Amino acid sequence: MPDDRIRAFLFEEARSRFLNYVTFDTGSNPDSDRHPSSPGQWEFAGHLVRELEALGLSNVERDGFGYVYAQLPASRQDAPVLTFCAHMDTSPAVSGTNVRPVVHENYDGGRIAFPGNPDLVLSPDQCPELRQFVGCTLITASGDTLLGADDKAGIAEIMAALSAFQTFGHLDHPTLRVVFTPDEEIGKGADHIRMEKLGNFGYTIDGGMIGVLEDECFDAVGADLEFIGLNVHPGAAKNRMVNAGALAARFVAALPEYEMPEHAEKREGFFHVTRISGEESRARISLILRDFDHSENARRVEWIRQLAGVFEHRYRGLKIVVQAREQYRNMAGVLARYPQVIQKAERAMKLAGIQPFRSAIRGGTDGARFSFMGMPTPNLFTGGMMFHSLMEWIPEIALRQSAEVIVHLCRLWVEDHC
Ligand SMILES: [Zn+2]
C-alpha cells in the first residue's frame, strides 16, 4: 500500500514533471501531412525518451512517427501485460506556445485572474467544480495559452508511478508497456500504433475531473456529399441551370436543427456540418455524425441518402454522390466483454480515497481505437478541467491522486492473478 512517504514522492514527481512538460510547445497541426504533425512533439518525445531511460525502463524507443514506447518488467510473473497511454500533443484550438504555468495557492473559492490576460476570469459560475477545491492549490496557464494538462498531466502521472516502482522495490506491478502518442487531438493518435508493442489490457490517462472513468465514447461516422449541377450563363439560365452551390446550401438548411451539436448534450447524438464549399457546377458538404448508439448513426446516414434522393427528384439534373465512412466505434461493446478492466479501475480509485464515477465521452479517445484493435482500453481521469481553453486548470492534488490510482491498479492486477 502506498504510505505517506510514497504519496509525497508521487506528488513531487508528478508535479515537477508536469510543470516542465507544459513548457514544451506540442500543439498538433491539422493541416500537416507529417508525422508527428509539429516539430515540438518530436522534441518532447525525445525528452520523454531520456527520462524513461534515466528511470531504467527497457526497450525505450521514439519511432519514426514520433510514438514513444517503453517497457518495465514485472515485479512478479504471470499477470496480464498492462499498457498505460497518454498523448503528447495539445489541441490546436488554442495556442500552446510559451506556456507559463501559474500556481494559485490556497484557492479562496472566488474569481481567478490571469496575469497575461486582464479580460479573462475563471470563476465557479463557469466551472462549478472549482467549489470542491477551496483551500487547495490550483495550476492554470497565464491567460494567453492553454495549460496542456490535456494530456501532459496524464504523462506526468504515468511517469510518477513508473518512478515510484523503480524507487520503492516493494510495489508490485505486472509487466508494463507505456506508449505516448502524437497527434491525438487531430484524430491521428492511433494511425501508426504498433499493437505488438502494447499489452493485453490498457488504460488511457486522458480524462477530466478526479474520479472519472470513461468506458464509453461516441460512435463516429464521416459523410461527404458531392453536388454535381449544370452551369450556364445566368442570362439564359431559365429551366437550364442547376446551381450545385445554392442547392447544397438548401440541403444544409433541410437538416434537422434540433439534432445539431449546439442543441445536443448528454447521450444525444447529432449531425454536424464541418465544411461547405462550391459554385454552380460543383459543391461539397462534409458532415460528421455522432451518437452513442451505432444504429442511430446508421439512421442518420439513411436519412441523408433519402434527402439526397428527394433533392434529385425535386431539382431535375442535379446529382448528389453520398459517401459515408466509419471513423471510430463506441468502445462500450468491447469493454462489456472484459468487466474486470473497469472493476479494477473502480477498486483502485476507492483504495486511493476517490469515489469513481462512470461516464461516457462525447468524443473519441485513442483507447477507443485500441479497444477495437484488440486491447480493451478505458479512459481514466487526469484531474484537469476546461480542456482546450485559456482557462484550463488542474488542482495540484489530482496529479498525486491519479499516480496513486495507477500504483493501486498495477498491484490489483498482480494480486488478483496470484
Ligand atoms: Zn486529451
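Colleague: Hi! How many helices and strands are there in the protein?
Modeller: There are 9 helices and 17 strands. Keep in mind that this is a predicted model.

Colleague: What percentage of the residues count as buried?
Modeller: That would be 46% of the 418 residues.

Colleague: Now contacts between residues at least 6 apart in sequence: what share join residues at least 24 apart?
Modeller: The share is 78% of those contacts in the protein.

Colleague: Switching to helices, at what angle do H1 and H3 pack?
Modeller: H1 covers residues 4–21 and H3 covers residues 149–167; they pack at about 140 degrees, with their axes 8 Å apart. An angle over 145 degrees would count as roughly antiparallel, so H1 and H3 are oblique to each other.

Colleague: Is that crossing left-handed or right-handed?
Modeller: The crossing of H1 and H3 is right-handed.

Colleague: Which residues meet there?
Modeller: From H1, they include Ile 6, Phe 9, Leu 10, Glu 13 and Arg 17. On the H3 side, Lys 152, Ile 155, Ala 156, Glu 157 and Met 159 are among them.

Colleague: How does the contact of H1 with H3 split by class?
Modeller: It has 12 nonpolar, 2 polar and 4 charged residues.

Technical notes. Residues are numbered from 1 along each chain as its sequence is written. This is a predicted model: local features need pLDDT of at least 70, side-chain atom pairs count only at pLDDT 80 or more; totals for chains, interfaces and linings use all residues. Helices (H or I, at least four residues) and strands (E, at least two) are DSSP runs, numbered from the N terminus. A residue is buried if 20 or more other C-beta atoms lie within 10 Å of its own, exposed if 12 or fewer, and partly exposed in between; C-beta atoms are placed from the backbone. Two residues are in contact if their C-beta atoms, placed from the backbone, lie within 7 Å. Axes are lines fitted to C-alpha atoms, for helices over the stretch in contact, and angles run from 0 to 180 degrees between N-to-C directions. Angles under 35 degrees count as roughly parallel, over 145 as roughly antiparallel, 65 to 115 as roughly perpendicular and the rest as oblique. A crossing is left-handed if the near helix is turned anticlockwise from the far one by less than a right angle, and right-handed if clockwise. Ala, Val, Leu, Ile, Met, Phe, Trp, Tyr, Cys and Pro count as nonpolar, Asp, Glu, Lys and Arg as charged, and the others, Gly among them, as polar.
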